[in-house]
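Look over this protein chain from its overall fold down to single side chains. The report below goes in that order.

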Amino acid sequence: MPVRTPDPEPGAEGEGRDPLEGIDDAFDALSTVSNANPAWLTDVELTEVRRRLPMLYVEAVPVRTDGLGAVTEVGILLRATPLGEITRTIVSGRVRYGETVRDALFRHLENDLGPMAFPLLPPSPTPFTVAEYFPIPGVSAFHDDRQHAVSLAFVVPVSGTCEPRQDALEVTWMPPEMAATDALAAEMEGGRGTLVRLALASVGALR
């Protein structure tokens with residue numbers, strides 16, 4: 001089953017057609033849109049960039065902590081993909097041009113978990129790992145059939161109420177030992193079960 005790293009704006013992929021068809025004429029016609037918002041990529045531009053460059057992403061494993069800061073629960077998303085498939089995943093999305101990593105993290109956490117999630121982000125977040133997604137399976141533990149993507153991955157405590165939005169259908173909170181099981185990893189897209197395990201190991205939540 002193909003898996004895809006989610007994007008921040010729904011419907012931005014142009015599924016079901018070849019966006020490179022007539023690309024030379026399309027770039028001229030779309031130049032006005034690009035100039036109006038240089039941080040936005042059209043379907044044609046995004047596909048062309050993905051053919052030539054690695055894409056930068058941020059990913060977040062949302063957690064609940066106790067009074068001592070120990071992780072008590074992990075939030076796993078149920079998401080609908082652009083192909084209509086239902087899969088388990090974590091908070092994920094691209095970093096926009098001119099956007100700080102912290103701002104990108106906050107934006108995607110709010111997009112997926114809602115404005116009342118209240119993520120606890122330090123002034124300079126530090127990733128627990130860097131995950132490399134390749135379109136060819138087997139190059140690394142992570143796979144994205146559209147692109148080569150480099151993802152900065154973070155563990156992010158949230159203290160508020162989570163109300164999933166956009167293509168995130170629900171968030172399931174589970175104890176760390178359940179989040180680290182092979183059964184859950186098999187339900188997660190792109191090898192993100194491995195990423196969840198690395199996240200829990202980084203905060204000492206695996207026994």
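Buried means under 20% relative accessible area, exposed means over 50%, and partly exposed lies in between (1.4 Å probe, protein chains only). This is a predicted model, in which local features need pLDDT of at least 70 and side-chain atom pairs count only at pLDDT 80 or more, while totals for chains, interfaces and linings use all residues. Residues are numbered from 1 along each chain as its sequence is written, and side-chain values use heavy atoms, with hydrogens and water left out.

**Overall fold**

The protein chain has 6 helices and 8 strands. These are DSSP runs, numbered from the N terminus: helices are H or I with at least four residues, strands are E with at least two. Along the sequence the pattern reads α-α-β-β-β-β-α-β-β-β-β-α-α-α. Of the 207 residues in the protein chain, 46% are buried. Contact means heavy atoms within 4.5 Å. Among contacts with a separation of 6 or more, 69% join residues 24 or more positions apart.

**Helix α6 and the cores**

Helix α6 covers residues 192-202, and its buried residues are R192, G193, L195, V196, A199 and L200. Seen down the axis of α6, they fall within an arc of 160°, so they line one face of the helix. The arc is that of the directions from the helix axis to the C-beta atoms. An α-helix has 3.6 residues a turn, so residues three or four places apart point the same way. Just after α6, G204 takes a positive phi of about 70°.

A nonpolar core is a set of buried Ala, Val, Leu, Ile, Met, Phe, Trp, Tyr and Cys residues joined through side-chain atoms within 4.5 Å. The largest one has 24 residues, and those with the most contacts inside it are V74, I76, I90, A179, L195, V196 and L200. At least two residues of this core come from each of β1 (55-65), β2 (71-80), β5 (129-134), β7 (149-157) and α6. Another core lies apart from it, with 18 residues, including V95, A117, L152 and F154.

Leaving out residues up to four places away in sequence, L195 touches E59, I90, F128, T129, A131, Y133, F142 and A153.

**Rings**

Two of these neighbours, Y133 and F142, form an aromatic pair that is tilted, at 5.3 Å centre to centre and 45° between the planes. Rings of Phe, Tyr and Trp (its six-membered ring) pair if their centres lie within 6.5 Å; planes under 30 degrees apart count as stacked, over 60 as edge-to-face and the rest as tilted. The structure holds 1 aromatic pair. Y133 is buried, at 1% relative accessibility. F142 is buried too, at 9%.

**Polar side chains**

Q147 lies in the loop between β6 (142-143) and β7. At 1% relative accessibility, Q147 counts as buried. E48 lies in helix α2 (residues 43-52). E48 counts as buried at 11% relative accessibility. Both make polar contacts, listed here; such a contact is a pair of N or O atoms within 3.5 Å, where within protein one must be able to donate a hydrogen and the other to accept it, and residues adjacent in sequence count only if both atoms are side-chain atoms.

| Side chain | Partner side chain | Distance |
|---|---|---|
| E48 | R52 | 2.4 Å |
| Q147 | Y57 | 2.9 Å |
| Q147 | D144 | 3.1 Å |

**A loop residue**

F118 lies in the loop between α3 (101-113) and β5. F118 is partly exposed, with a relative accessible area of 43%. F118 has a positive phi of about 55° although it is not a glycine. Most residues other than glycine have a negative phi.
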